[in-house]
Amino acid sequence: MTFLPSGGHNLPVITCTKCGTRNADNTLACARCGNKLQSSRRATAGPDTGTAPLEPFRHQGVSPDLLRSLKRMLEAWAYVLILGSVAAACIVYRIWWPLYPTVALIALLLWLRRV
């Protein structure tokens, strides 16, 4: 689809699907309504690389030992956070008995998990 502008040259155009305004083919949005324009030009076919099998992802940055250490540290900090929350609640409510089973439970978990 082409049109003749005032200069007399043929330029490719794209018609807005929302308002019907003709726009130059290289514009991204309609000059009248601002609607996104989609060109009817097709991309040239390149080499077919979609048939090659993909390689499995291998993590390159963190060693397994460091990753294991980070997980154990995160678990230990979770236990500290739980113990601190229970201790803060005990201080606020002035009831101390929930602190005793919490300490025993966390100690048992630490011993069983070897953190």
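The model is predicted: local features need pLDDT of at least 70, side-chain atom pairs count only at pLDDT 80 or more, and totals for chains, interfaces and linings use all residues. Residues are numbered from 1 along each chain as its sequence is written, and side-chain values use heavy atoms, with hydrogens and water left out.

**View 1. The whole protein chain and its surface.** The protein chain holds 2 helices and 3 strands. These are DSSP runs, numbered from the N terminus: helices are H or I with at least four residues, strands are E with at least two. Along the sequence the pattern is β-β-β-α-α. Of the 115 residues in the protein chain, 11% are buried (under 20% relative accessible area; exposed is over 50%, partly exposed in between; 1.4 Å probe, protein chains only). Contacts are heavy atoms within 4.5 Å. Among contacts in the protein chain with a separation of 6 or more, 16% join residues 24 or more positions apart.

**View 2. The salt bridge between Arg68 and Asp65.** A salt bridge here is a side-chain nitrogen of Lys or Arg within 4 Å of a carboxyl oxygen of Asp or Glu. The whole structure contains 2 salt bridges. In the pair of Arg68 and Asp65, the closest N and O atoms are 3.0 Å apart. Both residues sit in helix 1 (residues 64-93). They are 3 residues apart, so about one helical turn separates them. Arg68 is partly exposed, because its relative accessibility is 47%. Asp65 reaches 52% and therefore counts as exposed.

**View 3. The salt bridge between Arg113 and Glu75.** The side chains of Arg113 and Glu75 meet at 2.8 Å, N to O. Arg113 belongs to helix 2 (residues 99-113) and Glu75 to helix 1, so the pair ties together parts that are 38 residues apart in sequence. Glu75 counts as buried because its relative accessibility is 17%. Side chains of opposite charge can pair when their charged atoms come close.

**View 4. Arg94 in the loop between helix 1 and helix 2.** Arg94 is not a glycine, yet its phi is positive, at about 55°. With 71% relative accessibility, Arg94 counts as exposed.
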